[in-house]
Amino acid sequence: MSGTVLWVDDEIELLKAYIIFLEKKDYEVLTASNGQDALEMCRNRTFDLVFLDENMPGLSGLETLSQMKELCPTMPVVMVTKSEEENLMDMAIGSKIADYLIKPVNPSQILMTLKKHLHKRELESEAVNSGYQQNFSKIGMQINDSYTLDDWKEVYKRLVFWELELAETNGEMSEMLKMQKQEANQEFSKFVRKNYLDWVKDSESRPLMSPDVFKTMVFPSLAEGEKVFLIVFDNFRYDQWRVVSKELADDFVFDEQLYLSILPTATQYARNAIFSGLMPEQIANMFPDLWVDEDEEEGKNLNEGPLIQTQLDRYRKKNSFSYYKLNNSGDSEKLVDKFNTLMNNDLNVIVINFIDMLSHARTESRMVRELASDEKAYRSITASWFHNSPVRELFKMIARTDAKVVITTDHGSIRVNNPIKVIGDKNTNTNLRYKLGKNLSYNQKQVFEMKSPKAAFLPSPNLSTTYIFAQNDDFFAYPNNYNYYVSYYKNTFQHGGISMEEMLIPLVVMKRKR
């Protein structure tokens, strides 16, 4: 059976042909000639959808609708009326009807309405599964034919598009997409290993990377006299941006692109590179008091405001700026309360730490791991947080001004599953996606190895320091207490290494809708 329908109309006898038509389409159709009888039927059984006449004697259609919604809040109700008055439409829509049909209706309209509201998810799922199946070979060819970073950006965008589409419909192709994404990451890692050192050594012709964000996206707008908000979501993946962008679409127009995070894809390196406009080794050499080595206990991102000032000074920018880091809703509320003072600055830089905190909490808390069990749930929590956070109010306030907004991140993250054994001394850093030290032991075929950090503009605490980076969904595990370590960190979101999710990250310029 396709579904059970209640049709309420005081002239129900005239609708016999429609009812027979629907019954032939395998719908069960029950009828009522007035609102009271319809409500009584709703009390006694469940209906998949109700067609409700607006103009009935006694209890009107709108009055019946109101009581139906109290009885069955989620039951879709389609209002059927002869009237085209806008006020009536407004009241019906305001009462959360599912649809609105104007008499005379024809059978195809009725059938389309039923398919739209009863079979939408099933039909969408079939269409999405079919669409991905048809695109599977094309994406595979695109992966094999990706020779430039722009090629890889398009591959990643297409994979994220299908990931979001399949997630919305619980598509059967999700496992196939997961395998194709793994294949893409393997090839992307080879691409990065082949080109990374050439990119970082040529600051003029390289693709847009972390140290280039201010020079490319912020300074030109300041030079034109625009006020700029640079908002950095820590640990923000492209798929998370896609779900958050839905919240902002009513207020802003977007110019969206992806850019490349430097290695390691970790806050200490990538975010400091953004704010200073320099590679990590350059920061350590030029501003040693602002750089914190891995083995130091001091917080690794405490000097971001001063690093921004060094970049402004180096480019001879006299613009006033503010810097804020939002670690909780209290910080966000305080910033919203003082919004008017922000407009006195040419540039406002705001770092938002929620997503990174969620990632760490998911690793450490069994309950949070259950709530964010996979990428879909991780995106859902991100979207829910943004919708209910004071940060959303901050964006609404910016949308009332002429300020330009630049949204970006320092790096993304990947859900890790495959442990790789590595041995290091007590001074080896604790990150699961990259290691540096002078006595590292590992399988060279499993990592991206940098024995000369200077070539990648990375600090070298010792003359014999080596950096290694995990690829794909690998993570580093120590042989000591290996099984416990692996079970604890497997299926957690980590960053620091090489993957599309970590390195290809959103960079979005927004202006308010006029």
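This is a predicted model: local features need pLDDT of at least 70, side-chain atom pairs count only at pLDDT 80 or more; totals for chains, interfaces and linings use all residues.
Local features need pLDDT of at least 70 and side-chain atom pairs pLDDT 80 or more, while totals for chains, interfaces and linings use all residues. Residues are numbered from 1 along each chain as its sequence is written, and side-chain values use heavy atoms, without hydrogens and water.

**Sheet**
- An open sheet of mixed pairing is formed by 6 strands in the order E7-E18-E10-E6-E9-E8; strands (E, at least two residues) and helices (H or I, at least four) are DSSP runs numbered from the N terminus, and two strands pair if DSSP finds at least two bridges between them.
- Strands E7 (252-260) and E8 (321-326) are the edges, each pairing on one side only.
- E7 and E18 (residues 504-512) run antiparallel and are joined by 9 bridges; Phe252 has Arg512 in E18 as its bridge partner.

**Helices across the sheet**
- Helix H14 (residues 329-337) lies across E8 and E9 (347-352), at about 150 degrees to E8; angles run from 0 to 180 degrees between N-to-C directions of axes fitted to C-alpha atoms, for helices over the stretch in contact.
- Helix H19 (residues 390-398) lies across E6 (228-233), E7, E8, E9, E10 (404-408) and E18, at about 160 degrees to E6.

**Nonpolar cores**
- The largest nonpolar core has 109 residues, and Phe275 and Phe395 are among those with the most contacts inside it; such a core is a set of buried Ala, Val, Leu, Ile, Met, Phe, Trp, Tyr and Cys residues joined through side-chain atoms within 4.5 Å, buried being under 20% relative accessible area (1.4 Å probe, protein chains only).
- Helix H7 (residues 149-169) gives the most to this core, with 9 residues.
- Apart from this core lies another of 20 residues, including Leu6 and Met75.

How values were computed
Contact means heavy atoms within 4.5 Å. Buried means under 20% relative accessible area, exposed over 50%, partly exposed in between (1.4 Å probe, protein chains only).
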